[in-house]
Amino acid sequence: MTSSLPPRTDDELMELLIRRLPEKLQTVLNWLREPSHKWVRIPAGVLFMLGGVLSILPVLGLWMLPVGVMLLSQDIALLRRLQGRVLRWVERKHPDWLGLPADNA
């Protein structure tokens, strides 16, 4: 049950998750996550969250809500803690979502 590897950081887990996305989306998210792009990241995060709330409309969907939270978590401590908890839960319960072996536990 105990692993000999040190625990992964939230940034490492986020990077594993981003690597599972299509290449174009990986590029955009990695660009948005850079500290110097805060002026674009915050409005984009808010728009993604609004799109997630308006998921009853075509094209928009619930998938937009976690993307918005992920973008805003770079700058808002409360969301950063929430993101960390969710990433650690995903690592424990659904390691395949991160591209990790399922028999990790």
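Start by selecting Leu-62, which sits in the loop joining helix H3 (38–53) to helix H4 (64–72). This is a predicted model, so keep the confidence values in view as you go. Is Leu-62 buried or exposed? Leu-62 has a relative accessible area of 58%, and the limit for exposed is over 50%, so Leu-62 counts as exposed.

**The whole chain**

The secondary structure consists of five helices and zero strands. Read from the N terminus, the order of elements is α-α-α-α-α. The C-alpha trace spans about 40 × 30 × 30 Å along its principal axes.

Next, colour by pLDDT. The mean over the protein chain is 87, and 92% of the residues reach 70 or more. Which element has the lowest confidence, and which the highest? H4 is lowest, with a mean of 88, and H3 is highest, at 92.

Switch to a surface view. The protein chain exposes about 7400 Å², and 66% of this area comes from carbon and sulfur atoms. Of the 105 residues, 30% count as buried. Among the contacts with a separation of 6 or more, 41% are between residues 24 or more positions apart.

**Gln-26**

Select Gln-26, in helix H2 (residues 23–33). What does the side chain of Gln-26 reach? The side chain extends to the backbone oxygen of Leu-21, at 2.7 Å. Leaving out residues up to four places away in sequence, Gln-26 touches Ile-18, Arg-19 and Leu-21.

**Salt bridges**

How many salt bridges does the structure hold? There are five, and the tour visits some of them.

Select Glu-91 and Arg-8. Their side chains meet in a salt bridge, with N to O at 2.8 Å. This pair links distant parts of the chain: Glu-91 belongs to helix H5 (residues 77–93), while Arg-8 is in the segment before helix H1 (10–18), 83 residues apart. Glu-91 counts as buried because its relative accessibility is 17%, under the 20% limit. Arg-8, at 28%, counts as partly exposed.

Select Arg-33 and Glu-15 next. Their closest N and O atoms are 3.6 Å apart, and the two residues form a salt bridge. Because Arg-33 is in helix H2 and Glu-15 in helix H1, the pair ties together parts that are 18 residues apart in sequence. Arg-33 is buried at 12% relative accessibility, whereas Glu-15 is partly exposed at 25%.

Move on to Asp-75 and Arg-41, whose side chains meet in a salt bridge of 2.8 Å, N to O.

For the last stop, select Asp-11 along with Glu-15 and Arg-33. Salt bridges with shared partners join Asp-11, Glu-15 and Arg-33 into one network.

Methods. Residues are numbered from 1 along each chain as its sequence is written. This is a predicted model: local features need pLDDT of at least 70, side-chain atom pairs count only at pLDDT 80 or more; totals for chains, interfaces and linings use all residues. Side-chain values use heavy atoms; hydrogens and water are left out. Helices (H or I, at least four residues) and strands (E, at least two) are DSSP runs, numbered from the N terminus. Buried means under 20% relative accessible area, exposed over 50%, partly exposed in between (1.4 Å probe, protein chains only). A polar contact is a pair of N or O atoms within 3.5 Å; within protein, one must be able to donate a hydrogen and the other to accept it, and residues adjacent in sequence count only if both atoms are side-chain atoms. Contact means heavy atoms within 4.5 Å. pLDDT is the predictor's confidence in each residue, from 0 to 100. A salt bridge is a side-chain nitrogen of Lys or Arg within 4 Å of a carboxyl oxygen of Asp or Glu. Accessible areas come from the Shrake-Rupley method with a 1.4 Å probe; for residues, only the protein chains shown count as cover.
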